[in-house]
Amino acid sequence: MNFTYKPKNPSKYAVNLRALKNSTTMDWDIPSGQTTLIIQCPFGERPNEYMEKICLALNDYLGDITSDCFFEIMPDVKARFITAAEKGRQHGCLIEARSRTYMVFAADISGDDCVIYESQMQAMTPPYVDISTEVTVTVEQQTKSKGFISKSIVPTGYYIIRFDKSTFINYTDGDLVYKIGSLSIPITSQMISLGAIYIKTTVKPEVKPGKKGIRLL
Amino acid sequence: MLGHGNLPRYPMLMYYLGAGADKDAGWANENLLLVWPQYEKELHSFYVPDFECGDIYHLSTDGERKRVDLGEIQDITSTMFDEKSHFKDLTGIQIYFLIDTSEVETEDEINKWIGFINEMLSRIKRRKKVYLTLLLNEDFRHEDRGTANRILNSFESYDLSSINNTYILSNRLGDGVILRDMSNCCRLYSDIIMLTNDSGEGLSLPSGIYTAGYSYLGKPLEEIAKVVVETVIDRCTEYKKSGSAGRLFNDALPARLGIMENGVPKLLNDYITNSVTLPTETELMLFPRSNDSDEISSEMTAEALDHVTMGAWSCYLKMIEKKVEKDLSTDSQFKRVWYDKYKKLITENFSTDEILELVENKDKLHDLYSGLSRPSKSLKAFVYAKAQIGYSMCSNPTIISLFMDVISDMAEDANKMNLLWDQLLNSRRVVFEVDDRNLYEFYRKKTLQYFDDQSGEKRHAFEVIHSEKSLSDYLQATLDGIISFDSIFTKPFYQELEERLEKSENPVDNRIYIRNKLLNTVPYLRTTGGLNDPLASTILLKTSTAIHSSLKMNLPEYYYYDTGDDDKAESVLLYQLDIIQHLSR
């Protein structure tokens with residue numbers, strides 16, 4: 001298929017991309033019957049700034065572009081075409097991954113040709129949305145009781161990092177790290193699934209986002 | 001050693017008359033300064049392009065011209081007679097006029113120039129001797145105009161009373177040769193100046209009109225250069241043909257490409273060793289565990305450590321890999337340093353043809369850089385970590401391109417180099433061969449001896465030439481090396497000749513050879529009648545040499561002028577002319 005990128009057209013638009021807090025879908029506005037191209041890219045990027053590259057990558061893509069899921073066209077950049085009818089049925093589109101930016105473009109597919117229109121970047125109804133992941137993590141020192149008569153609580157030499165599993169959606173390894181001194185150690189999805197990890201240290205580990213788009217509650 | 005021969009006796013002025021005669025001054029001064037270099041500031045030449053306009057330019061020895069008036073000429077003349085003058089005899093002055101007829105259209109113009117000469121002479125009240133040289137341009141273009149013939153036919157009408165001696169020199173020689181330019185005529189003219197203003201015994205000729213016969217014998221520099229350059233090109237062509245084309249992809253190739261035995265390019269391996277910091281034993285203890293009874297140790301295998309740390313070890317290594325990739329691909333200064341280092345290595349290890357072969361086999365080359373197999377997780381954790389980072393970098397197209405790009409860029413230079421080499425070979429084909437077989441064989445052998453003496457060094461240096469500049473540097477260094485390799489290249493002409501003639505198939509005595517060559521002079525004028533015996537026979541060379549003694553013994557009637565220059569010998573014969581007998585055409 002041949003993809004071409006054309007300047008914005010008042011009758012061909014996809015704008016006001018939005019996702020409600022904790023929602024699993026996102027929605028946007030289009031004129032009746034308009035097909036949409038959704039680009040998913042690293043958090044904070046604006047794919048309209050490199051649409052020529054994206055069109056070239058789409059030209060080279062050998063898979064089925066009408067697939068009902070996102071497909072990778074460039075390293076860390078995915079695309080999905082969604083017809084007006086599909087959008088209506090699903091009330092938008094499922095958010096495939098969080099800590100990502102999504103941007104919509106109006107697209108016309110006719111035979112082997114596809115025209116993609118430049119998005120209208122209006123502040124009130126932007127065609128993009130940065131979807132962050134908000135997670136809950138606690139760090140506590142492990143302690144134990146000591147003594148028979150007058151018991152006291154003493155540290156065991158371990159810290160425990162606990163994860164609220166319900167807040168971790170589409171988590172990928174290294175999205176969070178914990179730091180002790182200058183050492184940064186990635187937190188993996190395997191650790192999240194266990195709910196807690198143990199770190200043998202007397203210094204309190206500091207949990208931090210490992211990339212953009214993660215927020216610690 | 002120059003500048004220790006005979007010196008000028010009287011102060012002198014030289015006038016070059018006629019459009020374009022400044023060029024003649026350049027040639028003549030060049031030769032005068034070879035013999036009299038210490039007189040650089042005291043030899044004064046003036047150029048007058050047009051007698052009607054009358055503008056006079058003072059010519060400096062480095063070719064610059066400055067317009068001067070008659071007062072300034074008088075000032076210049078005065079300085080030649082002051083207490084700082086180096087001329088030997090200040091009781092008189094010699095004045096040399098040269099008229100170049102290249103742009104003269106009518107015979108009457110000579111009269112006007114003579115008028116100008118008389119005007120200039122009238123301003124010099126000192127005892128003076130005046131020489132006029134008529135430089136006839138008789139090439140085909142000027143022959144058609146017939147000006148030279150008309151000038152010679154009108155000679156009787158010219159008033160030469162103020163001139164002591166007149167010389168007529170032409171670029172059309174007695175043997176029919178037409179000289180390409182006036183440089184030889186001017187060299188002869190400057191010899192006449194030396195002979196007529198000589199601090200030595202000197203020549204004393206009666207007033208009259210003269211022409212000269214001339215022969216020159218020096219080192220055949222042009223022929224020697226041809227043979228040497230041709231031999232250098234031939235030897236380099238052999239080097240080029242015997243390269244390793246077709247046998248490049250063998251077991252030795254990875255090492256030549258700078259790939260270590262562990263499969264990682266050395267530059268990358270050094271970077272990983274020096275710049276990638278793995279956790280210390282203590283830091284390793286800070287890795288997570290699924291419960292407080294799990295143990296962590298650096299003695300564990302990577303697999304076991306990964307299991308205990310819930311994938312944190314592998315993920316940590318991935319973070320390092322990403323950072324290394326980012327650092328390597330975005331740090332432009334680092335990339336430039338790496339590029340230069342790798343280019344140096346490839347330059348030293350591969351010929352241009354080999355580089356082209358590498359690029360033609362890009363896929364195979366890529367496999368060599370990225371052919372590392374994934375390390376086993378059964379290795380100890382830290383050993384695995386280094387191997388994994390190396391593997392990851394070698395599998396990364398961005399990192400591999402840092403190496404491949406160097407070779408691709410060098411292939412472009414290699415293509416240009418091959419084109420240049422072809423041009424060099426083509427230019428060699430259009431150069432005439434050197435006829436003198438003795439000279440050819442002698443210098444070819446010397447040149448090949450030089451290459452053989454370098455025991456492979458020259459071959460290797462040639463094989464690693466990758467650019468026009470390095471080729472030019474190589475050829476320059478080779479030619480310099482050849483010249484210093486054998487003293488024959490710096491020997492005086494007669495010694496060079498002696499050594500070369502000894503080696504010929506029919507050895508000839510160089511003294512006889514030189515004598516015959518010098519006796520074989522050619523008149524620099526085509527005269528109607530045959531020339532009489534010369535009034536003066538001279539040889540200009542460095543005296544107090546063996547060849548001078550030999551010549552003097554065999555040709556005692558010659559006058560020997562010491563030029564102090566042992567790179568050449570010249571013979572000048574001066575013939576008196578009769579206007580009717582010799583000049584009427």
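Which residue lies over the face of Tyr128(A)? Arg46(A) does, at 3.9 Å from the ring centre. Keep in mind that this is a predicted model.

Now turn to the strands of chain A. Start with β14(A), which covers residues 176–180. Four of its five residues are buried, so the strand is largely enclosed by the rest of the structure. Which strands does β14(A) pair with? One partner is β15(A), residues 183–187. The two run in the antiparallel sense and share five bridges. Look for Val177(A): its bridge partner in β15(A) is Pro186(A). β14(A) and β15(A) form a hairpin, with two residues between the strands. In this hairpin, Gly181(A) takes a positive phi near 65°.

Another partner of β14(A) is β17(A), residues 206–209. This pairing is also antiparallel, over four bridges. Here Lys179(A) stands opposite Glu206(A).

Next, find a sheet elsewhere in chain A. Three strands form an open sheet in the order β2-β3-β7, with antiparallel pairing. Which strands sit at the edges? They are β2(A), residues 15–18, and β7(A), residues 93–94. Each of these pairs on one side only. β2(A) and β3(A), the latter spanning residues 25–29, are joined by two bridges. In that pairing, Val15(A) has Asp29(A) as its bridge partner.

Finally, consider the aromatic rings. A pair of them is described by the distance of the centres and the angle of the planes. The structure holds 37 aromatic pairs over all chains. One of them joins Tyr47(B) and Tyr57(B). Their centres are 6.3 Å apart, the planes make an angle of 35°, and the pair is tilted. Tyr47(B) belongs to strand β2 of chain B, residues 44–48. Tyr57(B) belongs to strand β3 of chain B, residues 56–59.

How values were computed: Residues numbered from 1 in each chain as written. Chains lettered and ligands numbered in written order. Predicted model: local features only at pLDDT ≥ 70, side-chain atom pairs only at ≥ 80, totals over all residues. Heavy atoms only, no water. Buried < 20%, exposed > 50% of the residue type's maximum accessible area, 1.4 Å probe, protein only. Pairing = 2+ DSSP bridges. Phe/Tyr/Trp six-rings, centres within 6.5 Å; stacked < 30°, edge-to-face > 60°. Lys NZ or Arg CZ within 6 Å of the ring centre and 35° of its normal.
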